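The points are grouped by topic and may be read alongside the sequence and structure.

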Amino acid sequence: MTEHNIKISFKEYDTITELSTADQALCAEAVKAVATSHSPYSKFKVGAALQLQSGKIIHASNQENVAYPSGLCAERVALFHWGASHADDPIVSMAVTAHTNDFPLIKPVTSCGSCLQVMAECEKRQNMPLRVLLYCIDGPVWVIDDVKSMMPFMFFEERLVQTV
């Protein structure tokens, strides 16, 4: 038997003002994206903003449907848009935030497993780290240097990738 240990690390900032100006701006873009959320059922609005290497910002939000599995999280909306329209322009950072009137959010909201898997594959696809900022509006910010730190056992099967 061999026991393995995995270390996961991230930086926690008490407030957005502790971040660089660029990171503050990206978190503000994620807050703007919250306004486009279609979440009439959960009333839990999530916004995401991708900072591309060119400087372009991609905004996205969660989109619900009365048939719950038909909706999509903000992170995947953003990442699929990137993959379809800007895959040649790598993602440098991604900010995610949330808001609800139903209860106070006191810590950042983390991405679901499906979003983490898509984030991991996008990171692998662009062959460079995807930095993630999880921002709690009026609260702390968690900064993760790469998706591998969030999902060390991501699914990826090299034999599924076909070579041309």
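Phe 153 has a relative accessible area of 70% and is therefore exposed, the cut-off being over 50%. This value, like those that follow, is computed from a predicted model.

**Phe 153 and the nonpolar surface patch**

- Phe 153 is found in the segment that follows S6.
- Together with Ile 6 and Ile 8, Phe 153 makes a nonpolar surface patch of about 350 Å².

**Ser 149**

- Ser 149 is placed in the segment after strand S6, which spans 141–144.
- Ser 149 counts as buried because its relative accessibility is 17%, and the limit for that class is under 20%.
- The side chain of Ser 149 makes a polar contact, at 2.8 Å, with the side chain of Asp 146.
- When residues up to four places away in sequence are not counted, Ser 149 touches Ile 8, Ser 9 and Ile 144.

- Glu 123 belongs to helix H3, residues 113–126.
- Glu 123 is buried but has no salt bridge.
- Lys 148 provides the nearest side chain of opposite charge, at 4.9 Å from Glu 123; a salt bridge would require the side-chain nitrogen to be within 4 Å of a carboxyl oxygen.
- Neighbours within four places in sequence aside, Glu 123 is in contact with Met 128, Pro 129, Leu 130, Asp 146, Val 147 and Lys 148.
- Asp 146, listed among these contacts of Glu 123, is also the polar partner of Ser 149.

**His 81**

- His 81 lies in helix H2, which covers residues 74–85.
- With a relative accessible area of 37%, His 81 is partly exposed.
- His 81 touches Ile 58 and His 86, residues up to four places away in sequence not being counted.
- From C-alpha to C-alpha, His 81 and Glu 123 are 15 Å apart in space, and they are 42 residues apart in sequence.

**Salt bridges**

- Side chains of opposite charge can pair when their charged atoms come close.
- How many salt bridges does a search of the whole structure find? The search finds three.
- Lys 11 forms a salt bridge with Asp 145, with 3.2 Å between the closest N and O atoms. This pair links distant parts of the chain, 134 residues apart: Lys 11 is in strand S1 (residues 11–13), and Asp 145 is in the segment after S6.
- Lys 11 is partly exposed at 38% relative accessibility, and Asp 145 is partly exposed at 42%.
- Arg 131 forms a salt bridge with Asp 23, and the closest N and O atoms are 2.5 Å apart. Because Arg 131 lies in strand S5 (residues 131–135) and Asp 23 in helix H1 (residues 21–34), the pair ties together parts that are 108 residues apart in sequence.
- Arg 131 is partly exposed, at 23% relative accessibility, whereas Asp 23 is buried, at 10%.
- Lys 32 forms a salt bridge with Glu 29, the distance between the closest N and O atoms being 3.2 Å. Both residues lie in helix H1, three residues apart, or about one turn of the helix.
- Lys 32 is exposed at 52% relative accessibility, whereas Glu 29 is buried, with a relative accessible area of 17%.

Methods: Residues numbered from 1 in each chain as written. Predicted model: local features only at pLDDT ≥ 70, side-chain atom pairs only at ≥ 80, totals over all residues. Heavy atoms only, no water. Helix = DSSP H or I, 4+ residues; strand = E, 2+ residues; numbered from the N terminus. Buried < 20%, exposed > 50% of the residue type's maximum accessible area, 1.4 Å probe, protein only. Polar contact = N/O pair within 3.5 Å; in protein donor to acceptor, adjacent residues only side chain to side chain. Contact = heavy atoms within 4.5 Å. Patch = residues over 30% accessible without salt bridge, like charges linked within 9 Å, V, L, I, M, F, W, Y side chains within 5 Å. Areas by Shrake-Rupley, 256 points an atom, 1.4 Å probe, with all protein chains shown as cover. Lys, Arg positive; Asp, Glu negative; His and termini not counted.
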